[in-house]
Amino acid sequence: MKHAVVILAAGLGTRMKSKLPKVLHPLLGKPMVAYVVETALRSGAEKVVVVVGHGLEQVREALGGYEGLEFAVQEQQLGTAHALKQARKALRGFKGPVVVVQGDTPLTSTETLTGLVEALGKEGMALLTMRLENPSGYGRILRDKRGEIIANIEHKDATPEQREIKEINAGVYCFDSHVWEALEHVSNDNAAGEYYLPDLIRVYRERGKRVVGLLSDDPGELLGINTRAQLAEVEGILLQRLREYWMNQGVRMIQPQTIYLEPSVQLAPDVTLWPGVILRGDTRIGEGCEIGAYCVLSDMVLEPHVTLRPHVVAEKSHMKSGSDAGPFARFRPGVLIEEEAHVGNFVEMKNTHMRRGAKAGHVSYLGDTDIGEGANIGAGTVVANYDGQRKHKTVIGKGAFTGSNSTLVAPLEVGEGAYIAAGSTVNKNIPQDALAIARARQENKEGYVKRLRERKK
């Protein structure tokens, strides 16, 4: 049976102590509500409606990449039942079951949503329950002698005896198409003066309709996020799932508990990740790559058998098979490193193409540069690519050699096989196979220091 999903995402989340709407706090690089949206879409929902309130424009923008979403606005936060009422217009004409989930429970599974639809049957109400050793803060499920659900009592409204109950309301529901009429009979006669979805248990029972409880066997799946500590707890669960998944796919993780990666990252078999590695965004790492300790990669593409030594920080760049970098190399956006090229320690690159077999061993800045095949960049080489207003390009030919402590003032072309003498500042093009010397001639002042010392006595 086709169903709709309504995601309640209007709350501010005051306990997060943040100006950012609660549902937009990131988990492994994407907003927590995005996980709930993806679960709803995977469940086969015909319609998905997100009820927004605080930061509604921010939430809409954050979810703009998902097709088929509709939004409803809860201008005043008057409770979960009031929030669901705001989705009625978006679901006008829809006759199937309506699943309601919270935007701050990103671990909820697709199987839970479809299981509730199946448990509901043709009419009535189904809700997910779970048993917790410490149920403090959750609504308690009340059952009669026959075991049927008769009510849900919020923690703040419960008696001391009711607070001893371990079965709690997980906040995930499924209703038949009569829910809109039933919502008109929900009361706000409670400690908070709000309209609660669990009050629909009473409404449905008064109309002789069945209320079904589906007991979850995975309490962790329904962890809600109300504080920074809970955010970290849920992120830890997601992270451990990702680590286990990739290790089962043939990735070697040394001290896996230290490795951070996001769901968008793709890893091939026989990749080795040393401790402290951070992988973000659209990073793709090919078979047999080795990523050294404490490397930080964002939106990187590494073809098979690339080696990164420790502490490489790189973003939006591409390394081809057999190339290597580090330790302490830095790639800013737009770098392409071809096969067998080498980037050493304390080399920074931006918008640079390093061709096959080229080398930059240590302590250089190479911006807006095309480095020819087999060229050698000496220690301390700096490409001065910015004149204060515009960036300029430098082309270094095949087999060229820049001496240590060279400065190349762009725009500039260094011919194939050309050499630049150490310590030169070059601002004119260099022909093929030429030697460029651009430094003051050394002059030794005999006895100068001795005379200076004598004057100071």
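The chain has a radius of gyration of 32 Å, whereas a compact globule of 457 residues would have one near 23 Å; the radius is taken over C-alpha atoms, and the globule rule is 2.2 Å times the number of residues to the power 0.38. Along the principal axes, the C-alpha atoms fill a box of roughly 105 × 60 × 40 Å. The model is a predicted one, in which local features need pLDDT of at least 70 and side-chain atom pairs count only at pLDDT 80 or more, while totals for chains, interfaces and linings use all residues. Residues are numbered from 1 along each chain as its sequence is written, and side-chain values use heavy atoms, with hydrogens and water left out.

**Overall composition**

- The chain contains eight helices and 39 strands; these are DSSP runs, numbered from the N terminus, with helices being H or I of at least four residues and strands being E of at least two.
- Of the 457 residues in the chain, 49% are buried, where buried means under 20% relative accessible area, exposed means over 50%, and partly exposed lies in between (1.4 Å probe, protein chains only).
- Among the contacts in the chain with a separation of 6 or more, 40% involve residues 24 or more positions apart; a contact means heavy atoms within 4.5 Å.
- The chain carries 57 positive and 55 negative charges, whose mean positions are 7 Å apart.
- For these charges, Lys and Arg count as positive and Asp and Glu as negative, while His and the chain ends are not counted; the place of a charge is taken as NZ of Lys, CZ of Arg, CG of Asp or CD of Glu.

- Helix α1 (residues 32-42) is mostly covered, with nine of its eleven residues buried.
- The buried residues of α1 include M32, Y35, E38 and T39.
- Strand β4 (residues 47-52) has five of its six residues buried, so it is largely enclosed by the rest of the structure.
- Strand β1 (residues 4-9) runs parallel to β4 and is joined to it by six bridges; two strands pair if DSSP finds at least two bridges between them.
- Strand β5 (residues 69-73) also pairs with β4 in the parallel sense, over five bridges.
- V52 of β4 is the bridge partner of A9, and V52 also stands opposite V73 in β5.

**The nine-strand sheet**

- Nine strands form an open sheet with parallel pairing, in the order β14-β17-β20-β23-β26-β28-β30-β33-β36.
- The edge strands of this sheet are β14 (266-267) and β36 (412-414), each of which pairs on one side only.
- Within the sheet, strand β23 (residues 318-319) is paired with strand β26 (residues 336-337) in the parallel sense over two bridges.
- H318 has L336 in β26 as its bridge partner.

**Pairings of strand β27**

- Strand β27 (residues 342-350) pairs in the parallel sense with strand β24 (residues 324-325) over two bridges, and A325 stands opposite V343 in β27.
- Strand β25 (residues 330-331) runs parallel to β27 and is joined to it by two bridges.
- Strand β29 (residues 359-367) runs parallel to β27, with seven bridges joining the two.
- M349 of β27 is the bridge partner of F331, and M349 also stands opposite L366 in β29.

**Backbone geometry in loops**

- The peptide bond from G326 to P327 is cis, with omega near 0°, and P327 lies in the loop between β24 and β25.
- A410 and P411 are likewise joined by a cis peptide bond, with omega of about 0°; P411 lies in the loop between β35 (407-409) and β36.
- D368, a residue other than glycine, has a positive phi near 55° and lies in the loop between β29 and β30 (369-371).
- With a relative accessible area of 8%, D368 is buried.
- D433 is not a glycine, yet its phi is positive at about 65°; D433 lies in the loop between β38 (425-426) and β39 (435-436).
- D433 counts as exposed, at 56% relative accessibility.
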